[in-house]
Each structure stands twice: as structure tokens, then as C-alpha cells.
Amino acid sequence: AKNWQANQRKTLAEVLRITPGLKVSANASPRNEAKSEEKNGVKTTFRILQLGEKWSVPVVELSKGESKGTTILIADKGRASLDAEVEKVIARGERAIVVDLYYFGECHPKSHAFLWSHMLATVGDRALGVQANQLLSLARWASREGAEPAKVVAVGPRCSVVALAAGAL
């Protein structure tokens with residue numbers, strides 16, 4: 001079974017054109033500098049993370065006191081739609097990392113959206129592969145400092161597929 005899983009993961013990575021190990025940079029430029037505020041005991045940090053050389057994603061990190069773990073939240077309707085889910089995560093004493101991956105929320109192209117994925121395909125990339133790779137890189141970044149692996153909550157059918165693909169890899 002382990003050999004079969006390894007072979008299937010390799011095949012999935014090839015089909016999705018996964019580029020292993022995107023380096024996550026938190027403050028690659030002044031534009032990406034983190035901004036923090038605290039309200040009602042909840043610390044909120046806004047940042048733009050640079051993933052490799054090509055991608056950047058907007059991230060909001062919320063925590064209350066000492067966190068027991070980390071949960072990454074993604075949604076088909078974007079991170080602005082995740083208030084109720086964030087409250088649940090914080091109530092459990094975990095750090096919530098709310099992100100918009102490529103083609104979701106803030107990272108959805110304003111016009112001619114379908115053409116962006118076509119453009120990705122012309123250079124050999126896959127939209128699902130980009131999204132899964134972004135999520136994998138964010139999960140590694142979120143699990144820094146020897147903490148337990150980050151959990152992922154996906155809201156909506158499209159984000160759920162991204163989470164499943166990342167989980168399978």
C-alpha cells in the first residue's frame with residue numbers, strides 16, 4: 001500500500017505540475033510588510049506572503065493568547081466570507097490563518113478571469129496545481145518552529161478540491 005501511495009502521489013504531482021518547496025517570504029518588500037492590531041484580546045496580522053518568485057497571497061493571521069495549534073482557512077467566496085469559521089477556530093484556542101489562494105477572493109482576476117487559467121496552461125502550469133502548491137507551502141510555513149502540522153478548513157466545493165489535492169500530495 002505504501003508503494004502504491006507513493007506512486008500515486010508522484011503521478012498526481014506530475015499531472016498538477018507541482019513545483020516542490022516554494023519558499024515563503026514574509027517580508028520580501030515594503031509592500032509585503034506585516035501590519036498588526038489588537039482588538040478585544042485578538043491579535044490580527046495582515047500580510048502578503050511571497051511564494052517562490054512568481055506568486056504572492058494575502059494572509060490574515062488571527063490569534064488570542066497562546067495558540068494550541070494552527071488552522072488555515074480557505075473559501076470559494078474568499079477570506080472575507082470566513083468570519084464564523086474564524087471565530088470557531090479562535091474559540092478552540094488555535095491560531096487562524098485566513099488566505100486567498102489564486103483565483104479566490106482578492107486573488108480572483110477582475111476581468112477575463114477564464115483567460116488567466118488558459119495563460120497558465122500555455123506555460124505548462126495547472127490552476128489546481130498552483131492552488132495546491134500554494135496551500136502546501138502555506139501549511140509548511142504555518143507549521144514553523146516545530147509546531148504540530150497545520151490543519152486546513154475549506155469552505156465550498158472548489159476550495160475543498162484544492163485542499164484534497166494538497167492533502168493527497
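**Close-up views of the predicted model**

**View 1. Aromatic pairs number two in this predicted model.** Rings of Phe, Tyr and Trp (its six-membered ring) are paired when their centres lie within 6.5 Å, and are called stacked with planes under 30 degrees apart, edge-to-face over 60 and tilted for the rest. The pair Tyr102 and Tyr103 is tilted, because the ring centres are 5.4 Å apart and the planes stand at 55°. Tyr102 and Tyr103 are both buried (buried: under 20% relative accessible area; exposed: over 50%; partly exposed: in between; 1.4 Å probe, protein chains only). Residues are numbered from 1 along each chain as its sequence is written, and side-chain values use heavy atoms, without hydrogens and water. As the model is predicted, local features need pLDDT of at least 70 and side-chain atom pairs count only at pLDDT 80 or more, whereas totals for chains, interfaces and linings use all residues.

**View 2. Helix α2 (residues 83-91) has the buried residues Val86, Val89 and Ile90.** Viewed down the axis of α2, these buried residues lie within an arc of 95° and therefore line one face of the helix (the arc is taken over directions from the helix axis to the C-beta atoms). Ala84, Glu87 and Ala91 are exposed on the face turned away from the buried side. The buried residues of α2 pack against β3 (42-51), β4 (55-63), β5 (70-75) and β6 (95-99) (contact: heavy atoms within 4.5 Å). After α2 comes Gly93, with a positive phi near 85°. Helices (H or I, at least four residues) and strands (E, at least two) are DSSP runs numbered from the N terminus.

**View 3. Strand β5 is largely enclosed by the rest of the structure, because six of its six residues are buried.** Thr70, Ile72 and Ile74 cover one side of β5, while Thr71, Leu73 and Ala75 lie on the other, all of them buried. β5 and β6 run parallel and are joined by four bridges (pairing: at least two DSSP bridges); Ile97 in β6 is the bridge partner of Ile72. With strand β7 (residues 151-155), β5 pairs in the parallel sense over five bridges, and Lys151 of β7 stands opposite Thr71. β5, α2 and β6 form a right-handed β-α-β unit (with strands pointing away from the viewer, the path from the first strand over the helix to the second runs clockwise).

**View 4. Asn133 is located in helix α4 (residues 127-142).** Asn133 is buried, its relative accessible area being 5%. Apart from neighbours within four places in sequence, Asn133 contacts Ile18, Thr19 and Leu22. Ala113 lies 20 residues from Asn133 along the chain, and their C-alpha atoms are separated by 20 Å.
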